[in-house]
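I opened a new page for this one and went through it piece by piece. These are my notes on what I looked up.

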Amino acid sequence: MKHTKFYSVAILFFLLLSQSAISQKLYNIEVKFSGTEVSKKNIGVQVIQGFRAIPLNKDSSNIIAEVIEFPEKFPVVEINYFSSKHPPAFHRYFLTEQNCRLLVRFDKDTDIINVEQTSGVISFIDGGLSKFEHFAKAELETLDAYEKLYNHDFIAVDSIVLSNLNRYSDAVEEKGVQFIKKYPNLLYSTWIFMSEILGDPKFSKEELLGLYNKNLKPIHTGTFEEKLILEWLDPNRLALNTIAPLQNKKFKDLQGATHSISAPGGKLVLVNIWATWCGPCVGEIPRLKELHSKYKDSLEVFSFSTDANEQKLRNFIKTNEINWVNVFNQPEICQAFGSDMGIPQLFLLNEKGVIIYSKSGSADDSLEILEKTLALHSERQKSNN
């Protein structure tokens, strides 16, 4: 559902306040939990690196202690809590120092979490969120009014409420564009550009490139962030792959069998880059299973997981009966397809190994364009036989 982008884990980027060379930094992150124990299923902590989120796990003493390397200057740590009793709660902080500490308390009586102490971070409120809330006050208040009417158990969906949620979500995004133009130097301006606006199909790449070049580029020039923003907005991002077959790389699946990226037996190949922790990735699986079944005579599917835990991946595949080729931890293959642009990603290769379809993130949400491409190829095959 369209409006859930305001509650799902966002693709986050961060603003460099001054020009600097691209370099890696080690961030020492510690998150401690106090109060009543809360289920790991409902609470999550992650740090955002580029277009992907790195989930962090608590140990037996309710502590997260991680050292992570980033090229960005201001990564984000996010603590989220999901409950059927209220809308999802997100606590987001820009990491401003390489040693970061947060103390999180869960209150069972109120069913909420609060971040009580911090060091080495700046909250989104102080990073510009409070200014944006004032700037978009009317739109946010109306969105919140309809949000309170929405059933967060997802048992039933009121179509009128959903329609209004989507309408005012769009209004908030439009306000976000105006906000970036007015306050390009705020940390939150870059965050809202990357997480709420960039990649939204209702904004053309030309419009977004113009917005970036005029307002944000002077601050990002020569940075890691600029490189990724421009790659995302470049309509010819796959040009090198689409004019010639992709390099024929070999890999092993979870069963130990060796495969090749090149199309086997004259079939099309659909490459899926995903993770079990990625909501949109998981949401695509039923549709992919439908297409795999419908076009099984002319289509092979290779799924490359970016998960950190192989056993969790194996369990997920077994539970969800995913019956195509599944691969764990093949960063070279993923990088060859440009998977630093976020997940989920899909690439369709023809019989010669040339990419004829690609999508990243929320583009082609229903996979209608993919199905039309598969149907067209199927018809051509029939006519040639």
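**Whole chain.** I started with burial: buried residues make up 49% of the 385 residues in the chain. Buried here means under 20% relative accessible area, exposed means over 50%, and partly exposed is in between (1.4 Å probe, protein chains only). I'm working with a predicted model, where local features need pLDDT of at least 70, side-chain atom pairs count only at pLDDT 80 or more, and totals for chains, interfaces and linings use all residues. Residues are numbered from 1 along each chain as its sequence is written, and side-chain values use heavy atoms, with hydrogens and water left out.

Next I looked up the helices and strands: the chain has eleven helices and 16 strands. Both are DSSP runs numbered from the N terminus, helices being H or I with at least four residues and strands E with at least two. I also checked contacts, meaning heavy atoms within 4.5 Å. Of the contacts in the chain between residues at least 6 apart in sequence, 69% join residues at least 24 apart.

**The five-stranded sheet.** In what order do the strands of the open sheet come? I wrote down β14-β13-β12-β15-β16, five strands with mixed pairing. Two strands pair if DSSP finds at least two bridges between them. At the edges sit β14 (325–328) and β16 (355–360), each pairing on one side only. On average, neighbouring strands in this sheet are turned by 15 degrees against each other, direction ignored. My reminder on sheets: strands pair through backbone hydrogen bonds, either parallel or antiparallel.

I zoomed in on β15 (residues 345–349), which pairs with β16 in the antiparallel sense over five bridges. Gln345 has Ser360 in β16 as its bridge partner, and Leu349 has Ile355. The two strands β15 and β16 form a hairpin with five residues between them. Gly353, in that turn, has a positive phi of about 85 degrees.

Then I clicked on Ile273, which is in strand β12. Is Ile273 buried or exposed? Ile273 is buried, with a relative accessible area of 1%.

Helix α8 (residues 279–294) lies across β12 (268–274), β13 (299–305), β15 and β16, and runs at about 165 degrees to β12. Helix α9 (residues 310–319) also packs on the sheet, touching β12, β13 and β14, and its direction makes about 165 degrees with that of β14. For these angles, axes are lines fitted to C-alpha atoms, for helices over the stretch in contact, and the angles run from 0 to 180 degrees between N-to-C directions.

**Cysteines.** How many disulfides does the structure hold? I found one, joining Cys278 to Cys281 with an S to S distance of 2.4 Å. The cut-off for a disulfide is a pair of cysteine sulfur atoms within 2.5 Å. The torsion about the S-S bond is about 75 degrees, so this disulfide is right-handed. Both ends are buried: Cys278 has a relative accessible area of 6% and Cys281 has 3%. I looked at Cys100 too, and at 0% relative accessibility that residue counts as buried.

**A helix pair.** Helix α2 (residues 137–149) packs with helix α3 (residues 159–182) at an angle of about 155 degrees, with the axes 9 Å apart. The two are therefore roughly antiparallel to each other. (Angles under 35 degrees count as roughly parallel, over 145 as roughly antiparallel, 65 to 115 as roughly perpendicular and the rest as oblique.) Among the residues that meet, I noted Leu140, Leu143 and Tyr146 in α2, and Val161, Leu165 and Tyr168 in α3.

Most residues other than glycine have a negative phi. Asp111 isn't a glycine, yet has a positive phi of about 60 degrees. I located Asp111 in the loop between β7 (99–107) and β8 (112–119), and at 9% relative accessibility this residue counts as buried. Leu367, also not a glycine, has a positive phi of about 60 degrees. Where is Leu367 found? Leu367 is in the loop between β16 and α11 (368–384), and counts as buried at 0% relative accessibility.
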